[in-house]
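My entries follow in the order I made them.

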Amino acid sequence: MIIRPSKAKGVMVAPPSKSMAHRHLICAALAEGTSVINNIDLSEDIKATLGCIKQLGANAEIKGNQIVVQGAGSFLGNQKSSSNNTTKKNDENPTRLFDCNESGSTLRFFIPLAMLSDSPAKFIGSEVLMTRPLSVYETICQLQGIKLQPVSGGIEVQGKLKSGEFQVPGNISSQFITGLLFTLPLLSGDSTIILTESVESKPYIDMTLQVQRDFGIKAEWKNENTLLVKGNQHYVAHNGAVEGDYSNAAFFEALNTLGGNVTIQGLKEDSLQGDKVYLQYFNQLKEAYCSVDISDCPDLGPILFTVAAALNGGEFTGTKRLKIKESNRGAVMCQELAKFGIKTLQEENRIIIYEGELHKPEETVFGHNDHRIVMSMATLMTITGGKIDGVGAVKKSLPDFFKRIKALGIDFDFENEDSNGLDN
């Protein structure tokens with residue numbers, strides 16, 4: 001894609017939150033009865049979750065941006081297979097096949113859910129996804145005698161999870177904690193999750209608890225490091241709507257920091273989303289070089305680096321988890337910003353973006369098969385212009401990203417890039 005210098009102007013309705021959509025769909029799948037979930041964007045990650053809830057015995061019908069879910073309810077834990085998407089070991093106990101594509105959330109949310117049943121489950125996905133760490137679940141499975149092992153083309157899980165005490169490092173992905181929170185209420189006994197390190201990404205845990213409450217599940221913080229989950233609970237069908245997404249709205253707000261005039265609508269002011277801090281951080285970066293901790297909002301990293309590069313530079317701490325995202329986001333952002341003339345410094349848990357004079361990249365900028373890298377680079381090119389390769393990665397979370405920025409007046413053309421599947 002070739003992007004030309006242009007200013008964004010207009011009104012933009014925030015896209016639906018992908019994080020909240022995952023949570024609504026999974027809770028609906030675990031309920032008995034029918035739930036209607038409105039305002040869902042069918043990104044590749046959400047499609048992966050829709051495919052996986054069928055393996056739990058749920059069914060989903062898509063009606064535009066509304067999804068009607070017939071939950072598995074009492075069927076959970078007793079199913080042998082819920083669709084033809086299985087691989088058979090024998091007629092008695094076929095292996096359920098969970099295709100997570102490139103969605104780390106889907107993989108980590110569904111592994112413990114697969115342990116509600118004795119039936120074996122195989123998880124498959126992209127090569128990069130299959131290399132993302134699963135150490136928390138590996139430890140739990142080892143302690144409980146559950147099989148979790150790599151197999152040809154994926155990961156296989158077999159064995160029933162038992163309630164009890166789960167010790168989990170708090171400074172790893174909150175996706176592990178959310179996966180346990182989904183599952184533990186359905187077990188026969190009470191459970192506690194003890195976070196053994198300082199908690200990072202706590203807002204994502206609170207988002208899970210909020211959606212679970214809507215579906216009749218009670219789980220709560222006992223203190224800042226301990227979650228209590230009662231057993232023998234049942235998810236109750238619920239109709240709801242997915243709130244606007246601060247994570248993706250940040251890209252459109254960033255256009256304002258670069259001289260645009262975009263009004264963003266559809267964001268919930270009292271949202272629990274941790275990424276709502278983007279406005280505070282953008283304002284700090286506009287004022288002067290400053291230090292920003294992204295431990296609780298790692299997904300904002302690429303666009304914050306972009307804004308820093310365009311303005312006064314900045315120091316970012318809490319960056320170590322960027323290396324286990326869709327790409328090594330810290331490293332590739334430093335690599336691509338260098339093409340714009342921006343110097344950077346990357347350390348284990350800190351990245352510095354030095355103030356510099358932006359120029360149009362003389363060589364092609366790469367998206368590294370990472371939606372947030374593509375959107376960040378495209379945002380920066382509205383100042384400099386340039387060519388970016390691999391723009392199709394936006395289908396993972398925001399398929400209509402280019403349609404949206406085009407409506408705001410950003411000038412671009414596709415060149416030698418298959419735009420199939422992109423709304424533009």
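**Entry 1: helices α3 and α5**

I began with helix α3 (residues 104–114) and helix α5 (residues 174–183), which pack with their axes 8 Å apart at an angle of about 40 degrees. The model is a predicted one. An angle under 35 degrees would count as roughly parallel; α3 and α5 are therefore oblique to each other. I noted their crossing as right-handed.

Next I listed the residues in contact. On the α3 side I found Gly-104, Ser-105, Arg-108, Phe-109, Pro-112 and Leu-113. From α5 come Gln-175, Phe-176, Thr-178, Gly-179, Leu-180, Phe-182 and Thr-183. Sorted by kind, the residues of this contact are six nonpolar, six polar and one charged.

**Entry 2: helices α1 and α6**

I then turned to helix α1 (residues 18–30) and helix α6 (residues 202–214). They pack at about 35 degrees, and their axes are 10 Å apart. The crossing of α1 and α6 is right-handed.

α1 contributes Ser-19, Met-20, Arg-23, His-24 and Cys-27 to the contact, and α6 contributes Tyr-204, Met-207, Thr-208, Gln-210, Val-211 and Gln-212. I sorted the residues of the α1 and α6 contact into five nonpolar, five polar and one charged.

**Entry 3: strand β3 and its pairings**

In which sense does β3 pair with β5? I found strand β3 (residues 34–38) antiparallel to strand β5 (residues 66–70), with four bridges between them. Within this pairing, Ile-37 has Ile-67 of β5 as its bridge partner.

β3 also pairs with strand β15 (residues 240–241), here in the parallel sense and over two bridges. Asn-38 stands opposite Ala-241 of β15.

**Entry 4: a four-stranded sheet**

I looked up the strand order of an open sheet and wrote down β17-β18-β20-β19, with mixed pairing. Which strands stand at its edges? They are β17 (291–293) and β19 (344–346); each has a single partner strand, so one side of each is left without a neighbour in the sheet. From one strand to the next, the twist averages 15 degrees.

β17 runs parallel to strand β18 (residues 314–317), and three bridges join them. I recorded Thr-317 in β18 as the bridge partner of Asp-293.

Helix α8 (residues 278–287) packs on this sheet and touches β17 and β18. Its direction makes about 165 degrees with that of β17. Helix α10 (residues 329–337) lies across β19 and β20 (350–353), and I noted that α10 runs at about 160 degrees to β19.

Definitions and conventions. Residues are numbered from 1 along each chain as its sequence is written. This is a predicted model: local features need pLDDT of at least 70, side-chain atom pairs count only at pLDDT 80 or more; totals for chains, interfaces and linings use all residues. Side-chain values use heavy atoms; hydrogens and water are left out. Axes are lines fitted to C-alpha atoms, for helices over the stretch in contact, and angles run from 0 to 180 degrees between N-to-C directions. Angles under 35 degrees count as roughly parallel, over 145 as roughly antiparallel, 65 to 115 as roughly perpendicular and the rest as oblique. A crossing is left-handed if the near helix is turned anticlockwise from the far one by less than a right angle, and right-handed if clockwise. Contact means heavy atoms within 4.5 Å. Ala, Val, Leu, Ile, Met, Phe, Trp, Tyr, Cys and Pro count as nonpolar, Asp, Glu, Lys and Arg as charged, and the others, Gly among them, as polar. Two strands pair if DSSP finds at least two bridges between them.
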